[in-house]
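Please look through the structure below before reading on.

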Amino acid sequence: MKPRQKRLLLIIAVLALVSLAALLVLKAFKSNLVFFYTPTEVVEGKVPVARAFRIGGMVVDGSLQRKQDGVSVSFSVTDTIHAIDVTYEGILPDLFQEGKGVVAQGRLSENGSFIADQVLAKHDENYMPPEAAEALKRAREMKLSE
Amino acid sequence: MIPEIGHFSIILALWVSVAQTLICFGGAVRSSPRLIAFPRYSSYVIFLLTLAGFCCLATSFLVDDFSVLNVASNSNSQLPWPYKLAASWGSHEGSLLLWVLMLSGWMSAVSLFSKQMPDEMRSLILGVMSAIAIGFYLFMLLTSNPFDRLLPPAVDGRDLNPLLQDPGMVIHPPMLYMGYVGFSVVFAFAIGALISGKLDSTWARWSRPWTTAAWCFLTVGIALGSWWAYYELGWGGWWFWDPVENASFMPWLCGTALIHSLSVTEKRGSFKIWTVLLSIITFSLSLLGTFLVRSGVLTSVHAFATDPERGVFILGFLIVVIGASLLLFAWRAPKVGLGGNFNFISRESALLANNVLLVVAAASVLLGTLYPLFLDAMGLGKISVGPPYFDAIFFPLMAPAMFLMGIGPVLRWKNAKTLELATKLKWAFAISLVSAIIVPILMGGWSVFVSIGLLLGFWIVVSGLVNLLEQIRRIRMGSERTIFQVINSLPRSYYGMLVAHFGVAVFIFGVTLVKGYEEERDVKLAVGGSVELSGYRFSLASLDDLIGPNYNGIKGTVFVHGADGKLVSTLYPEKRFYHVQSMPMTEAAIDTGFFRDLYVSLGEALEDGSWVVRVYLKPFVDWIWGGAFLMALGGLLAISDKKYRSKRRSVPNQATVSS
Amino acid sequence: MRKYLLPLAVFVLVAIFLWRGLFLNPQEVPSPLIGKSIPEFSLPKLQKENSVVTSETFLGKVWVLNVFASWCTPCLDEHPMLMELASQNRVMIVGLNYKDGFQSAADWLGKHGNPYSAVAVDIDGLVGMDFGVYGVPETFLIDKSGVIRYKKIGPLSSTEIQDELLPLVESLQ
């Protein structure tokens, strides 16, 4: 092979490798984006089935309940229009509190409650996780436009 | 008085940096030897001034001078003194001071260790570095002065964020910053080479030890951060793909690629344009990391209070530095000639593939980190990109890179024979394959994931050993030397490469085994209760009140008994409540072992007085950080190679051996 | 040369997005209400049966509207600050009891002290919604003509009262 041909072959190989990798990345990207919805959007059925997503809002005061095993908990998250029930198995983060903002990631179960596999409360003094604020903001815009 | 002295020395350091930058570039234009000699000494002056400033800040923290805003916001009289010291770089302002301290330190190091370098080149490099320093000094003095006074002084401070009150956190930021800032040296070398047009293998040889040094620090810094997250956040995870973690991981990936492409540029003169671009990208990603963390654009565990003014400044600085250097690149790169030719099967192409994979990995991390921001900026809604995305791309991208890691060092430069390669490595592959099948069965549960992970790990180790034996055999042929003499004669950079690659293997073993065999249980435990986890019995013996210097809390005593009934360990998990910031903190208790960690953390107290307790069994988890430290050790070995210390060009037998 | 400009082009694109991202504060929710008149409302007054608080009640006065609830934990942090502010008599504080009840609100105020000149009770939270309340507590400063001049989401700190709220009150008097 002449040097020119070699170089061409090399460039083609690199391009092939890069496109293959890019394809892989984009595919993984598409299937792993976690979208964010407000409790109202969940109630209105705008959420994807069989796909994880995040919800945010405030933990309704007095809604935190613990099963006998002490590990399974349930609570309601509201955007001030609708509230949905969230069940979670595991230890809640240190800064989880009723009446405060929370973000949960998980799936919708068949009975309409949300099964969280991750509950996030920010580890700093911020008043509210951004997604929780977003849920309340959207809810307000809806009310205003009604 | 002390804060004012500190403030004043930082202002002086700024002016010396301005002078140095002007003189360096002026000297380069007028090629005046007297001007060119100036930065050798002014670099030390900048460093000493910055060090003085840093000591003043540290002193203010140590003596509880709450008339300094930074001290009042980030320290407290009750804080133990090592954390007071650490608090001096725990805040935004303090971390910037640390950043410039390190930058001036690296600058002095360049000045000290570059005696063989032509004066013009050194002057250019130091000029670029002091130009970067100007940006950071200005940023600090204009938007985030660590010496700002608070009048009237506070009675007591608001305390350091409890998350940061930890030994790991004391050394994690300095290490990470040494890495970030260290890449500025490599960047300055690249810019110097582009300006002077001397983009050759000499340039690559100068850049290599500096790149490796910065990379070692970054590796240790990231490993410490990960280790801290493991025991401090109480969730037993060691990597969360948090935006701030990603910000440090991207320069690491590019830096790793750079180390490899530099070796090609030095040894073969190829990849010159690519290497110089990669040098720029690596440092740009370090700057981007600083921007992401310091501007509050992304919220994460580490997020500091948002401050658009600061963000605007860093972004402006980012645009000037990166924009100018990429423009310079576009202008000069076409004039750089192409390097030596090479065949499709050669070490060059293996290293090229390694570079492509690493850079694509870095790009995909960048995509995952910035895409949510993009969508938000376009008003298209909020999304998050979680660990599953990164997991899904990293495995397929890194697996081929790991495979090449076994082949690359065995391949010859320029042109290798496929058949020869197969003869050399077939046994290595066979041994790895058999081990990868047998070991999971011995561990008590076979899965494809574990098997592939172990295959890659064994492959790296065995092919590395094959490579070592091959080198020894080749040198011994036709020479009288004993095996020990031969082992001694191999260059340190070669051993460095082997050790770093073994480090990767150890890391893979750790990741694979902990993912494959870890066990976790969240249970409700009252005093006297116990829980069983794969042969270990964890019993909660007591819960006691705990009074710390700046917190109080609950301390549990957990006995761990093995399957034979013997006491394995006693663990003391804590739940702390820090007074000043009124923040609860979970302190996990870990029994660290070579083969497994036992991990207990207290969750929440329940109404009946019992606690939700989380227990983990994490096999081989410490290998993850052990592997990272081995990688850094390998880098250290490579730097200590005598070819970087002597004036001689490469020694003949080293040219053939990889490093 | 053109192909070597590619890295620069990519960087410029990234920089533009970073620039825009800088001005999105993920924690801060924009408050379109500042500079606008307060929404109209008419709510029952706590502990004064049959009387109401309306959006016109305080016209001609500079007043603070503080949204609170007995179920709200951060309100407790803020409460002593409000008591202090009320004792200084520099500005009138009106409470908006949000998604709570007459009895629970009265009990809470009885227990912790009452800094409010009047308390409007917004049981279904609709007025709070009109005010754009995201969470509790939240505080508004309203001028003599009924225009919102200041808003704070989350508990007020004493420095915010001293450095932001009170100077603004002075300038509006």
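Leaving aside residues up to four places away in sequence, Phe136(B) touches Leu96(B), Trp99(B), Val100(B) and Leu103(B). Contact here means that the C-beta atoms of two residues, placed from the backbone, lie within 7 Å. The model is a predicted one, in which local features need pLDDT of at least 70, side-chain atom pairs count only at pLDDT 80 or more, and totals for chains, interfaces and linings use all residues. Residues are numbered from 1 along each chain as its sequence is written, while chains are lettered from A and ligands numbered from 1 in the order in which they are written.

Phe136(B) is also among the residues with the most contacts inside the largest nonpolar core, a group that includes Val186(B), Phe189(B) and Cys254(B). That core has 188 residues. A nonpolar core is a set of buried Ala, Val, Leu, Ile, Met, Phe, Trp, Tyr and Cys residues joined through C-beta atoms within 7 Å. Buried means that 20 or more other C-beta atoms lie within 10 Å of the residue's own, exposed means 12 or fewer, and partly exposed is in between, with C-beta atoms placed from the backbone. Helix H8 of chain B, residues 201-232, supplies the largest share of the core, 17 residues. Helices (H or I, at least four residues) and strands (E, at least two) are DSSP runs, numbered from the N terminus. A second, separate core has 35 residues, including Trp63(C) and Val133(C). In soluble globular proteins, nonpolar side chains tend to be buried together.

Pro440(B) lies in helix H14, residues 418-443, and counts as buried because it has 22 C-beta neighbours inside 10 Å. Beyond residues up to four places away in sequence, Pro440(B) touches Gly445(B), Trp446(B), Ser447(B), Val450(B), Ser451(B) and Leu454(B). Between Pro440(B) and Leu366(B) there are 74 residues in sequence and 34 Å in space, C-alpha to C-alpha. Phe271(B) sits in the loop between helix H9 (243-268) and helix H10 (272-295). Phe271(B) is not a glycine, yet has a positive phi of about 60°. Most residues other than glycine have a negative phi. With 24 C-beta neighbours inside 10 Å, Phe271(B) counts as buried.

Chain A comes next. It holds three helices and seven strands, in the order α-β-α-β-β-β-β-β-β-α along the sequence. Of its 146 residues, 43% count as buried. Its pLDDT, the predictor's confidence in each residue from 0 to 100, averages 78, and 81% of the residues score at least 70. Over residues 123-127 of chain A the pLDDT is below 50, and this stretch has seven contacts in the model beyond near neighbours in sequence. Where pLDDT is low, the predicted coordinates should not be read in detail.

Strands E4 (residues 72-78) and E5 (residues 83-89) of chain A run antiparallel and are joined by seven bridges. Two strands pair if DSSP finds at least two bridges between them. Ser72(A) has Glu89(A) in E5(A) as its bridge partner. Four residues lie between the strands of this hairpin, where Thr80(A) takes a positive phi near 80°. E5(A) also pairs with strand E7 (residues 114-120) of chain A, in the parallel sense and over three bridges. There, Tyr88(A) stands opposite Ala116(A).

How do chains A and B meet, and how many residues of each are in contact? On chain A there are 31 residues in contact with 38 residues of chain B. H1(A) gives the most to this side of chain A, with 13 residues. By kind, the residues on this side are 19 nonpolar, four polar and eight charged; Ala, Val, Leu, Ile, Met, Phe, Trp, Tyr, Cys and Pro count as nonpolar, Asp, Glu, Lys and Arg as charged, and the others, Gly among them, as polar. Strand pairing also crosses between the chains: three bridges join E1(A) to strand E1 (residues 383-385) of chain B, and the two run antiparallel. Leu33(A) has Val385(B) as its bridge partner.

Chain C has five helices and seven strands. Its radius of gyration, taken over C-alpha atoms, is 21 Å, well over the 16 Å that the globule rule (2.2 Å times the number of residues to the power 0.38) gives for 173 residues, so chain C is more spread out than a compact globule. Its C-alpha atoms fill a box of roughly 80 × 35 × 30 Å along the principal axes. Asn89(C), in the loop between helix H2 (73-88) and strand E4 (92-98), counts as exposed, with 7 C-beta neighbours inside 10 Å.
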